[in-house]
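Thank you all for coming. I would like to walk through one structure this morning, going slowly from one part to the next, so please keep it on your screens while I talk.

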Protein chains: 2
Amino acid sequence: MQTGTVNPRAAHLSLALRHVADATDGISRAGIAARTGLNRSTASSLIDELITGGLVKETGFHKGAAKAGRPATALGLRDDGPAGLGIDVNVDYTAVCVVDLTGALRYKHVLAEDQRGHTTREILDRIARLARGAQQAADADGLTLCGSAVAVPGIVDRAHTKVTLAPNLGWRDLDVTEVLPADIHDGRTTLDNEANYAALSESALLRRHASYLFVSGQIGVGAGIVLDGTLYRGAHGWSGEIGHLTVDRDGPPCPCGRRGCLERYAGQEAILRAAGIGSDAGTSFGVRPTVAVLAERARAGCPATVKALTRAGHVLGDTLAGCLNLLDLTHVVLGGIYRELAPWMSPPIEHELSTQFLGAPWAIPTVQVATYGPEAPAIGAARSVIHDVLTNPLRWLTR
Amino acid sequence: MQTGTVNPRAAHLSLALRHVADATDGISRAGIAARTGLNRSTASSLIDELITGGLVKETGFHKGAAKAGRPATALGLRDDGPAGLGIDVNVDYTAVCVVDLTGALRYKHVLAEDQRGHTTREILDRIARLARGAQQAADADGLTLCGSAVAVPGIVDRAHTKVTLAPNLGWRDLDVTEVLPADIHDGRTTLDNEANYAALSESALLRRHASYLFVSGQIGVGAGIVLDGTLYRGAHGWSGEIGHLTVDRDGPPCPCGRRGCLERYAGQEAILRAAGIGSDAGTSFGVRPTVAVLAERARAGCPATVKALTRAGHVLGDTLAGCLNLLDLTHVVLGGIYRELAPWMSPPIEHELSTQFLGAPWAIPTVQVATYGPEAPAIGAARSVIHDVLTNPLRWLTR
């Protein structure tokens with residue numbers, strides 16, 4: 001409503017670009033005019049500017065709008081222009097990926113290695129190496145990296161692109177962005193909690209402006225809250241700390257300093273312990289990932305493993321029901337290790353939601369499996385870079 | 001951004017009116033133009049339309065903008081135009097109030113009577129009688145009721161203005177609005193959970209677009225979640241059911257069908273029981289309200305009462321810390337009975353937040369006492385009617 005504070009050209013370019021992006025089956029200049037409410041000559045000149053700037057291309061004739069006369073030219077996003085770099089620094093792996101303007105994954109590299117045996121310097125050097133590799137791959141593919149986003153398992157200070165605290169990495173007040181080669185991030189690096197970025201990897205839900213809770217199981221348990229298609233970060237960017245909701249105040253101690261946190265019951269290591277498997281069995285992304293070991297044993301009917309997963313599902317489901325009693329969301333997405341463990345964890349989760357969610361007699365929430373597994377944070381991070389280009393194309397056009 | 005979908009005149013009228021409302025020290029036509037980004041003749045004609053329509057008045061000369069030449073005319077909201085009717089149907093009282101366009105409370109009537117001994121018909125008749133009284137008071141005061149809003153302790157279906165379930169009133173699928181005399185609500189009645197409306201009574205926080213959790217202690221415990229100055233209702237309007245978050249799965253049974261809900265530890269009757277006071281000591285609003293009995297005994301140093309309040313504070317604080325770990329809010333407002341009991345309940349609540357909220361080492365949330373006590377839902381309900389007029393003045397102007 002503050003019409004005086006927005007640059008109208010920037011807003012109109014973004015509006016036109018957004019309609020090109022949303023029309024997955026192509027759209028004409030006349031279609032952009034009709035959907036934005038702008039007049040045809042304005043719409044046409046905005047599209048010309050987006051084409052010249054390398055964001056939009058003509059993709060042929062637009063079949064949908066065929067009428068008498070010359071067929072309209074269909075428009076689409078370019079897949080050889082700007083691209084986003086996503087980096088995920090997790091406890092037992094580092095992942096990088098490159099996503100183009102259409103949201104397609106163009107490059108992915110995962111290094112499975114437990115960070116806990118390494119110094120901060122070693123971890124940061126590893127990130128820089130992986131980022132450099134992604135940069136070279138993007139170059140070779142004709143893409144231009146226009147920004148990067150780093151996902152970390154902890155609390156971040158987005159305004160100062162600092163990791164405030166990542167207990168499992170031993171990081172405190174650390175500026176991760178400084179280690180990225182300057183020509184890669186072009187001064188445009190953002191930072192967020194890995195569960196927040198993972199939530200942004202669910203493009204189908206985002207496209208229909210859904211509200212959902214993305215719960216990500218790792219060593220820790222995090223959640224990304226999406227309201228009406230927009231990530232809800234909270235006052236400081238600390239929202240979604242579901243892993244430290246209290247299950248039992250007299251429960252086992254947690255590295256966060258409290259007792260009986262959800263992580264102690266439904267985190268990766270807690271499940272392994274309950275299943276009688278050593279936590280050295282593998283990593284999230286290793287040759288033989290931990291989660292694969294769990295899934296394999298559960299499939300083979302190992303009673304201890306099935307019991308451990310069922311119990312973790314009940315505890316997680318009970319906590320999720322509490323979140324829904326507070327937030328009244330229609331969808332829960334199971335990500336991270338929960339994605340592969342869903343065959344055993346979904347039934348107890350759904351049982352808890354149907355008995356513990358107050359609205360269940362009228363509307364049972366949908367529990368669905370995440371589109372991506374452990375690579376979700378890196379993909380969501382890269383997509384957040386693309387989202388910024390779509391929201392503010394003028395910055396790309398005037399770079 | 002969907003510029004094509006909004007009536008520009010309606011949007012501009014709303015924008016101009018909002019700036020008049022926000023400028024508590026008066027604003028001139030030129031000031032409206034400057035703040036909205038509209039040109040001066042457009043701004044001036046919008047203001048003229050709002051003056052003719054009885055929403056805005058000229059209040060004298062505007063001192064703030066004194067320059068050379070003729071002093072500008074200051075503008076303000078009219079306090080003799082449209083007014084909102086708020087009705088709160090609670091378990092042990094019914095309240096009505098009338099609020100004018102400036103947000104000022106112009107009429108209030110509370111009937112302390114436990115509803116639990118009465119039929120739905122009797123309760124509805126009582127509401128109609130109180131609404132009629134408010135109508136007459138508004139008329140006599142030169143105000144025009146332009147809508148009503150009804151607060152209920154339960155789950156509502158706002159789209160169909162129905163109470164889906166209010167367990168403590170024994171209501172299920174009930175259309176409350178039908179009982180209101182037609183000339184009062186003019187077909188414009190809205191419905192919401194009482195904690196949601198109570199949250200809207202905090203005008204100082206709303207004005208600065210704060211995000212906060214308003215927790216309302218009554219027979220039940222509810223919460224209203226306000227994000228960036230807007231009430232967050234959730235997918236079905238069921239958000240904020242904090243009273244049914246689980247404190248202990250093996251705890252005492254709750255009327256909702258679960259066990260160990262927060263209400264069983266921090267609700268009015270649970271506190272009374274723990275303090276050894278019979279629940280027949282009074283009502284929220286009675287001659288000698290229950291909460292006054294508790295406060296009186298606590299002030300006198302009664303150990304059982306102080307212990308009961310301290311314990312309830314710890315349990316409530318622990319649950320609130322969980323809510324903040326999920327939502328990362330900066331403010332918690334203690335409403336309902338917690339307002340008067342804050343001297344004893346705030347310290348344990350603050351203790352829990354400082355130890356159980358994960359972000360506490362960097363930012364301790366502010367715990368503040370609500371502006372209004374049990375009358376908050378009725379005031380917030382009436383203000384929601386006014387908010388609708390400020391947001392959509394065209395509906396009032398073309399009525």
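Let me start with one aromatic cluster, which is formed by A:Trp238, B:Phe357 and B:Trp362. Before I go on, a word of care: this is a predicted model, in which local features need pLDDT of at least 70 and side-chain atom pairs count only at pLDDT 80 or more, while totals for chains, interfaces and linings use all residues. Residues are numbered from 1 along each chain as its sequence is written, chains are lettered from A and ligands numbered from 1 in the order in which they are written, and side-chain values use heavy atoms, with hydrogens and water left out.

Over all chains, a search of the whole structure finds four aromatic pairs, where rings of Phe, Tyr and Trp (its six-membered ring) pair if their centres lie within 6.5 Å, and planes under 30 degrees apart count as stacked, over 60 as edge-to-face and the rest as tilted. One of these is the tilted pair of A:Trp238 and B:Phe357, with 6.2 Å from centre to centre and 45 degrees between the planes. Why does this pair join two chains? A:Trp238 lies in the chain A loop between β13 (230-232) and α8 (263-266), whereas B:Phe357 lies in the chain B loop between α12 (337-356) and β15 (366-369), so the pair joins two chains; helices (H or I, at least four residues) and strands (E, at least two) are DSSP runs, numbered from the N terminus. A:Trp238 counts as buried at 7% relative accessibility, and B:Phe357 is buried too, with a relative accessible area of 3%, where buried means under 20% relative accessible area, exposed over 50% and partly exposed in between (1.4 Å probe, protein chains only).

Let us turn to strand β11 of chain A, residues 212-217, which is mostly covered, six of its six residues being buried. In a regular strand the side chains alternate between the two faces of the sheet. Both faces of β11(A) are covered, with A:Tyr212, A:Phe214 and A:Ser216 buried on one side and A:Leu213, A:Val215 and A:Gly217 buried on the other. What are the partners of β11(A)? It pairs in the antiparallel sense over six bridges with strand β12 (residues 221-227) of chain A, where two strands pair if DSSP finds at least two bridges between them, and a hairpin through three residues joins β11(A) to β12(A). Within that pairing, A:Ser216 has A:Gly222 in β12(A) as its bridge partner. Six bridges also join β11(A) to strand β14 (residues 331-336) of chain A, and these two run parallel; here the bridge partner of A:Phe214 is A:Val333.

My last stop is in chain B, at B:Ser384, which has its place in helix α13 (residues 376-391). Is B:Ser384 buried or exposed? B:Ser384 is buried, with a relative accessible area of 11%. A polar atom of its side chain lies 2.6 Å from the backbone oxygen of B:Ala381. Leaving aside residues up to four places away in sequence, B:Ser384 touches B:Ala149, B:Thr190, B:Tyr197 and B:Leu200, contact meaning heavy atoms within 4.5 Å.

Note on methods: Polar contact = N/O pair within 3.5 Å; in protein donor to acceptor, adjacent residues only side chain to side chain.
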